[in-house]
Amino acid sequence: MNILLIGSGGRESAFAYKISQSPLTSQLFIAPGNAGTGAYGKNVDIKVTDFASLGTFALENDIQLIVVGPEEPLVKGIHDYFLQDTQLRNIPVIGPTAAGAQLEGSKDFSKQFMERHGIPTAASRSFTKDTLTEGLAYLETRQLPIVLKADGLAAGKGVLICTDLVEAKSELQAMLADAKFGEASHKVVIEDFLKGIELSVFILTDGKDYKVLPSAKDYKRIGEGDTGLNTGGMGSVSPVPFADDVFLARVETEIIKPTIEGLKKDNIPYKGFIFIGLMNDQGSPYVVEYNVRMGDPETESVLVRIESDFVDLLMGVAEENLATKSFIVSEKTAATVMLVSGGYPGKYENGKTISGLENVKESLLFHAGTNLVNEEVKTAGGRVIAVTALKNNLLEALQQATADAGRIYFEGKNFRRDIGFDLID
């Protein structure tokens with residue numbers, strides 16, 4: 001079948017890699033893609049939110065499956081757009097409708113959803129500009145540190161952890177009264193701080209049944225030893241050693257099943273991925289956040305461990321028979337190290353020539369922020385390339401990915417050399 005993959009990052013590169021391996025794939029198109037995705041299919045210069053052009057392309061190229069990578073088109077209703085068009089509605093879209101995408105698109109919605117369906121999460125309350133005074137008073141009743149979350153999408157920047165009351169009040173004021181994060185912070189969720197170890201669990205669901213994908217842990221801080229500013233992710237590992245069978249069984253019972261049942265009870269059809277950001281607090285799981293797509297750079301470590309036909313799984317979602325599909329996960333360990341531009345997550349320059357890609361033989365390279373200029377691969381983003389190794393154990397995978405990260409060169413290149421080493425005894 002002809003498949004259209006929407007997105008341009010490292011996550012989509014990993015998707016393209018897996019989709020291209022399937023015997024069910026005739027031709028893969030990636031819109032807009034990057035310098036690396038062209039190895040797996042044909043890049044198409046259409047923006048992820050240009051629904052009309054994507055629809056026209058789908059019809060003209062006999063597309064039989066659409067896979068949506070990033071959250072923005074999902075929250076803005078790409079699935080709804082296809083369902084509402086008589087010519088497009090029969091093309092399956094992997095990704096929720098706008099109603100389901102509110103799990104990520106609105107922090108307030110997701111907190112109310114969890115409360116309604118008894119899903120363990122931190123205590124919270126939401127406030128708007130009109131209730132700012134109440135919000136400031138509420139802060140005085142909570143323990144520190146305290147978390148402030150912009151309700152809407154803020155490109156990963158809308159979450160603040162405040163360690164003193166003066167800072168918390170000042171930031172709440174900035175978010176609500178001064179629109180620090182624009183429209184995203186017209187409403188702010190004030191949430192108690194969860195202690196423990198973070199990890200990510202992913203599920204693929206057809207709305208009735210689900211498959212639990214491999215667990216992963218990502219590393220957000222720019223600096224080694226988890227120091228410095230937060231980023232979109234500097235690397236990841238899968239599986240997570242501390243997420244044992246007992247813990248994952250609790251996650252399934254207390255979080256995954258109530259989430260799927262809750263969507264059904266609320267009459268929200270959901271076909272696609274759910275990323276559950278978790279806190280493991282001494283063996284008890286709590287939901288930090290939902291995302292309605294796969295994470296990045298976790299996808300790069302998770303997908304390479306799935307041995308089943310990935311397109312067959314996606315068709316199980318489309319045809320609502322996911323329960324019948326074979327699902328096999330490798331016992332091997334994957335490690336991903338992200339190469340980033342100098343200055344990221346602050347100001348950085350694009351257009352740096354990348355060399356040494358041919359030096360990497362043992363790892364997979366998933367391009368994130370790259371493009372082709374006159375046949376040269378250039379940097380085109382803060383996070384540039386994910387280097388992923390799949391080996392027999394965590395140490396081998398980390399050593400391989402870290403070594404291969406050093407074999408690629410571009411001006412200002414930066415990467416963390418300690419990804420995952422905190423998990424080795």
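Mentor: A charge sits over a ring if NZ of Lys or CZ of Arg is within 6 Å of the ring centre and within 35 degrees of the ring normal. Keep in mind that this is a predicted model.

Trainee: Which residue lies over the face of Phe275, and at what distance from the ring centre?

Mentor: The cut-off for such a placement is within 6 Å of the ring centre. Over the face of Phe275 lies Arg293, at 6.0 Å.

Trainee: How far from the centre of the Phe415 ring is the charged end of Arg417?

Mentor: The ring here belongs to Phe415, and the charged end of Arg417 sits over it. Its distance from the ring centre is 4.1 Å.

Trainee: How many aromatic pairs are there?

Mentor: Rings pair if their centres lie within 6.5 Å. By this rule the count is 12.

Trainee: Is the pair of Tyr17 and Phe366 stacked or edge-to-face?

Mentor: The ring centres of Tyr17 and Phe366 are 5.6 Å apart, and their planes stand at 65 degrees. Planes over 60 degrees apart count as edge-to-face. The pair is therefore edge-to-face.

Trainee: How many residues apart in sequence are the parts that Tyr17 and Phe366 tie together?

Mentor: Tyr17 belongs to helix α1 (residues 10–21), while Phe366 belongs to strand β19 (residues 364–367). At 18% relative accessibility Tyr17 counts as buried, and at 0% so does Phe366. The parts they tie together are apart in sequence by 349 residues.

Trainee: What kind of pair do Phe127 and Tyr138 form?

Mentor: Phe127 lies in strand β6 (residues 124–128) and Tyr138 in helix α7 (residues 132–139). Phe127 is buried at 1%, and Tyr138 is buried at 10%. Their ring centres are 5.5 Å apart with planes at 45 degrees, so the pair is tilted.

Trainee: Which residues do ring pairs link into a cluster with Phe15?

Mentor: The cluster is held by ring pairs and includes Phe15.

Trainee: Which residues have the most contacts inside the largest nonpolar core?

Mentor: This core has 65 residues. Its largest share, seven residues, comes from helix α11 (residues 310–318). Those with the most contacts inside the core are Leu65 and Phe273.

Trainee: Leaving aside neighbours within four places in sequence, what does Leu65 touch?

Mentor: Contact means heavy atoms within 4.5 Å. With those neighbours set aside, the contacts of Leu65 include Met1, Ile3, Leu4, Ile91, Ile94 and Pro92. Also among them are Leu314, Met315 and Ala318.

Trainee: How many residues are in the other core that lies apart from the largest one?

Mentor: Members of this other core include Ala101, Ile256, Leu263 and Ile274. Its count of residues is 46.

Key. Residues are numbered from 1 along each chain as its sequence is written. This is a predicted model: local features need pLDDT of at least 70, side-chain atom pairs count only at pLDDT 80 or more; totals for chains, interfaces and linings use all residues. Side-chain values use heavy atoms; hydrogens and water are left out. A nonpolar core is a set of buried Ala, Val, Leu, Ile, Met, Phe, Trp, Tyr and Cys residues joined through side-chain atoms within 4.5 Å. Buried means under 20% relative accessible area, exposed over 50%, partly exposed in between (1.4 Å probe, protein chains only). Helices (H or I, at least four residues) and strands (E, at least two) are DSSP runs, numbered from the N terminus. Rings of Phe, Tyr and Trp (its six-membered ring) pair if their centres lie within 6.5 Å; planes under 30 degrees apart count as stacked, over 60 as edge-to-face and the rest as tilted.
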